[in-house]
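Open the structure in your viewer and keep the selection panel at hand.

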Amino acid sequence: MRGVNRVMLIGNLGKDPDVQHLEGNIAVAKFPLATTETYKDRSGKLVSQTEWHTVVLWRGLAELAQKYLHKGSLIYVEGRLRTRSWEDKEGNKKFATEVVGDNLIMLDKRGDGHAPNGGSEGLEGYTGDDAPPLADPGESLPF
């Protein structure tokens with residue numbers, strides 16, 4: 001049986017996307033995404049719990065992120081989990097789990113001034129079909 005590695009998140013960017021261009025002018029964007037769940041505890045008090053996720057976008061999605069996303073942007077991102085490992089300068093093994101996005105929908109309300117014509121129409125549903133295949137988990141991103 002084949003496995004399934006699928007992630008769907010709706011959240012807000014914690015900072016502007018960090019976009020770099022690799023050899024061959026391949027764009028890669030990386031940013032933190034906050035997802036917040038709210039629930040009532042036993043006493044009826046509202047409790048919010050925020051999780052932070054690292055999102056990586058490649059090529060066309062990275063360029064879209066650079067052009068239209070900013071700190072606080074509300075987005076839907078769909079992709080897969082990828083865990084990388086490396087050794088730091090002291091020889092300690094480090095791990096990072098990231099969401100490699102292959103579909104992005106901008107959810108900011110119209111008229112926020114960040115999308116063309118003051119809205120998000122025409123920008124939804126971008127996919128990362130041109131994203132490179134997953135490489136060896138030991139491969140590191142340039143940032």
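**Stop 1: L13**

Select L13: it is buried, at 3% relative accessible area (buried is under 20%, exposed over 50%, partly exposed in between; 1.4 Å probe, protein chains only). This is a predicted model: local features need pLDDT of at least 70, side-chain atom pairs count only at pLDDT 80 or more, and totals for chains, interfaces and linings use all residues. Residues are numbered from 1 along each chain as its sequence is written, and side-chain values use heavy atoms, without hydrogens and water.

L13 sits in strand 1 (residues 7–13); strands (E, at least two residues) and helices (H or I, at least four) are DSSP runs, numbered from the N terminus.

**Stop 2: the core**

Select F31, L33, L57, L69 and I75. They have the most contacts inside the largest nonpolar core, which has 21 residues (buried Ala, Val, Leu, Ile, Met, Phe, Trp, Tyr and Cys joined through side-chain atoms within 4.5 Å). Helix 1 gives the largest share of this core, 5 residues.

**Stop 3: charged pairs**

Show D102 and R6. Their side chains form a salt bridge, 2.8 Å from N to O (Lys or Arg side-chain nitrogen within 4 Å of an Asp or Glu carboxyl oxygen). D102 lies in strand 6 and R6 in the segment before strand 1, so the pair ties together parts 96 residues apart in sequence. D102 is buried at 16%; R6 is partly exposed at 43%.

Finish on R84 and E98, a salt bridge at 2.8 Å, N to O. R84 is buried at 5%, and E98 is buried at 2%.
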